[in-house]
Amino acid sequence: RPVTLVGFSFGARVIYSCLRELAHQQDIWEQTRFRNADDNNEGRKSKTFGKKKASISFEYDREPASLIADVIFIGLPRVIDKKVLTSCRRVTGGRLVNCYTKNDWLLSLMFMARAGIPAGVREVRDVPGVENFDVTLFVESHTRYADAIPSILQHVRFSEP
């Protein structure tokens, strides 16, 4: 049964990392499936002229992309790589939501030394399928996210059909 993942701050970053790995496993699953289809179409002939193929053997009970229904990032402390987020979106069957607040000075200062602005302080652009919600009205600062979670989930229409 697919699951919904909701995380704020470091929890959102952990979910982001897990989605990256799941997208990697999805790529392996697709390559293995494609390779197995090629092997079945060619019978017992080998393209390597008698040499053994080096392959990675993974067996999945189900497709990795079928595991995640919805994902809600709240105050994500991560500079977004659009290519990576697109692959994360690909393994998310339902919604992928980015909740940010423009007045999160703690998060902004943490990333000031790095090149980039974290997703937790702005909307994610140019990644199809990502929904952005400004939750500035609910969150006074980064340390107040935990208190605002119920209001934020209601604002993004969490668990509504």
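## A short tour of cores and salt bridges

Start by selecting Glu30 and Arg90: their side chains meet in a salt bridge, with N and O 3.0 Å apart. Glu30 sits in helix α1 and Arg90 in helix α2, so this pair ties together parts 60 residues apart in sequence. Keep in mind as you look around that this is a predicted model.

Through shared partners, Asp27, Glu30 and Arg90 are joined into one network.

Next, select Glu131 and Arg95, whose side chains meet in a salt bridge at 2.8 Å, N to O. Glu131 lies in strand β4 and Arg95 in the loop between α2 and β3, so the pair ties together parts 36 residues apart in sequence. In total, the structure holds 7 salt bridges.

Time to go inside. Select Leu19, Phe73 and Leu85, which touch the most other members of the largest nonpolar core, a set of 21 residues. Elements giving two or more residues to this core are α1, β2 and α2, and α1 gives the most, with 6. Zoom in on Leu85: among the residues it touches are Tyr16, Phe73, Ile80 and Leu96.

For a last stop, select Phe133, Val139, Ala148 and Val156, which are included in a second, separate core of 13 residues.

Conventions
Residues are numbered from 1 along each chain as its sequence is written. This is a predicted model: local features need pLDDT of at least 70, side-chain atom pairs count only at pLDDT 80 or more; totals for chains, interfaces and linings use all residues. Side-chain values use heavy atoms; hydrogens and water are left out. A nonpolar core is a set of buried Ala, Val, Leu, Ile, Met, Phe, Trp, Tyr and Cys residues joined through side-chain atoms within 4.5 Å. Buried means under 20% relative accessible area, exposed over 50%, partly exposed in between (1.4 Å probe, protein chains only). Helices (H or I, at least four residues) and strands (E, at least two) are DSSP runs, numbered from the N terminus. Contact means heavy atoms within 4.5 Å. A salt bridge is a side-chain nitrogen of Lys or Arg within 4 Å of a carboxyl oxygen of Asp or Glu. Lists of a residue's contacts leave out its neighbours within four places in sequence.
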